[in-house]
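This briefing is meant to be read with the model open beside it. It takes annotated positions, their surroundings and a few further elements in turn.

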Amino acid sequence: MNKPVAPQRSDFDAYMVPNYSPGSIIPVRGEGSRVWDQADREFIDFAGGIAVTSLGHAHPELVAVLKEQGGKLWHLSNVLANEPALRLAKQLTELTFADKVLFANSGAEANEAAFKLARRYAWDIFGEGKHEIVACDSSFHGRTLFTVSVGGQMKYREGFEPVPGGISHVPFNSCSALEAAIGPQTCAFVVEPIQGEGGVTPACATFLRKARELCDKHDALLIFDEVQSGVGRSGFLYAYEHYGVTPDILSTAKGLGGGFPVAAMLCTDKVAGSFKVGTHGSTYGGNPLACAVASKVIEIVTRPEVLKGVTKRSDQFRAALEDINKRFDIFKEVRGMGLLLGAQLQDRFEGKARDFMQAGLEAGVMVLVAGTSVMRFAPSLIIPEADIDEGMARFAAAIEKTIATMDADAGAA
Ligand SMILES: *Cc1c(COP(=O)(O)O)cnc(C)c1O
């Protein structure tokens, strides 16, 4: 009997649109913060599937709920309500500022809903003309045409023009620019409390307070994109709690399903009413399987020991990164919040973030980059402390090797 041949990395180049450039290994299973590839090589996961696997891999309670719901009911569409979605919506409203919830399947879709709701609300209440969305430079809000247009990174928009109009950008954390940009024409200002893709940069509290004040003054809605910063990652369920600034609309995705695709737009009663029957929609949004898993994720993440654990692990990460920095003088700054941390490389390593990421993989640790010069860490919120130590030791070895190679190359040149 011939065993079927397992798919290989070369199949990616053969069969898949070359839109990504995945690493050389193919992971096949995971448990907690460890992952194994086809050759049974083990990796420590500091990447969390880009801030998604908030409770690690194959968390027993999530596996159990997925199995249970999987044997019951997968899908109905929004023609009918379902229990898991109603349960999750109730949890999210009880735990946050929000009165109402709309489900989606990805961060981009949750933002798309948020931006459409902001436009629609302004149109409803104030009539035509109040349609401008203000966003921040180097922000990231997703990859649909509307969300790349609102996002503050040209490279994601390039070649897709014409893009939707009525959007303007201000430098992140500039109160004076915000003051100049928000006016009677503004329907919403959208901001990530911690810019993720843009380099793991937290907003200043004064900036977010100013945003709230200006939005109130000009009847504009404040939208927080917490797709990356949400679901416990900051050490709070949502980062807005840390800032003490409450938005009108909040988008959440990534960590919400712990790896199962699910997203939500949270909002107040004031604005929810502008989405009437049929104004917006999604076939899968609020899917019972996704919501059953997310409901369990929220239940686990909000256990006090889990949120407290995030802060403790954050300190451990920062201390380990400081130690690495003492040895190699590689980082200019370590920033972020909770378990969304960014380490900005020194000028002499400018543009080398991917090299360190690749070296990490070879040394058995999965890390992320944010742009070309920031190492990003977004591990499981419950990563065992021993795994942090072991993963950081591997990362340090990777750095040592990479620097040695760079020095040898420089010497040879
Ligand atoms: C990842 C991300 C998105 C897009 O989410 P997708 O699920 O990839 O569509 C939007 N906003 C922020 C802040 C993100 O980090």
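Predicted model: local features only at pLDDT ≥ 70, side-chain atom pairs only at ≥ 80, totals over all residues.

Contact here means that heavy atoms lie within 4.5 Å.

**Phe 140 and the positions annotated with it**

- The UniProt record, an unreviewed entry, places the feature "binding site" at Gly 107, Ala 108, Phe 140, Asp 225, Glu 226, Val 227, Gln 228 and Thr 283.
- Because these positions span 177 residues in sequence and their farthest two C-alpha atoms are 24.9 Å apart, they do not all gather at one spot.
- The lining of the largest pocket includes Gly 107, Ala 108, Phe 140, Asp 225, Val 227 and Gln 228 from this set.
- Phe 140 itself lies in the loop between β5 and α6, and its relative accessibility of 16% makes it count as buried.

**Gln 228**

- Gln 228 is placed in the loop between β10 (221-225) and α9 (239-243), where it counts as buried at 6% relative accessibility.
- Leaving out residues up to four places away in sequence, Gln 228 touches Ala 51, Gly 196, Glu 197, Arg 233, Lys 254, Leu 340 and Arg 376.
- With Glu 197, the contact includes a polar one of 3.2 Å that joins the two side chains.

- Arg 143 is found in the loop between β5 (132-136) and α6 (145-150), and with a relative accessible area of 56% it is exposed.
- Beyond residues up to four places away in sequence, Arg 143 touches Ala 108, Val 148 and Tyr 156.
- Ser 282 lies in the loop between α10 (269-272) and α11 (288-301), is partly exposed at a relative accessible area of 23%, and is in contact with Asn 78, Asn 105 and Glu 109 once neighbours within four places in sequence are left aside.

**Ala 104**

- Ala 104 is in strand β4 (residues 100-104) and counts as buried at 8% relative accessibility.
- Although Ala 104 and Ser 282 are 178 residues apart along the chain, their C-alpha atoms are separated by 6.8 Å.
- The contacts of Ala 104, with neighbours within four places in sequence left aside, are Glu 109, Ala 110, Val 262, Ala 263, Ala 264 and Gly 285.

**Helix α4**

- Helix α4 (residues 83-95) has 13 residues and reaches 18 Å from its first C-alpha to its last, which is close to the 18 Å expected at 1.5 Å a residue.
- Pro 84, Ala 85, Leu 88, Ala 89, Gln 91 and Leu 92 are buried in α4; seen down the helix axis, the buried residues fall within an arc of 160°, so they line one face of the helix.
- The buried residues of α4 pack against α3 (60-70), β4, β12 (263-267) and α11, whereas Glu 83, Leu 86, Lys 90 and Glu 94 are exposed on the other side.
- At the start of α4, a side-chain oxygen of Asn 82 comes to within 2.9 Å of the backbone nitrogen of Ala 85.

**Lys 210**

- Lys 210 lies in helix α8 (residues 205-217) and counts as buried, at 17% relative accessibility.
- Its side chain makes a polar contact of 3.3 Å with the side chain of Glu 179, and Lys 210 is also in contact with Cys 175 and Leu 178, among residues beyond four places in sequence.

Key. Residues numbered from 1 in each chain as written. Heavy atoms only, no water. Helix = DSSP H or I, 4+ residues; strand = E, 2+ residues; numbered from the N terminus. Buried < 20%, exposed > 50% of the residue type's maximum accessible area, 1.4 Å probe, protein only. Expected span 1.5 Å × (residues − 1). Arc of directions from axis to C-beta. Polar contact = N/O pair within 3.5 Å; in protein donor to acceptor, adjacent residues only side chain to side chain. UniProt positions renumbered as here; feature names shortened; annotations may be inferred. 1 Å grid on protein atoms, 1.4 Å probe; cavity = no way out; pocket = protein on both sides within 12 Å on 5 of 7 lines; lining within 4 Å.
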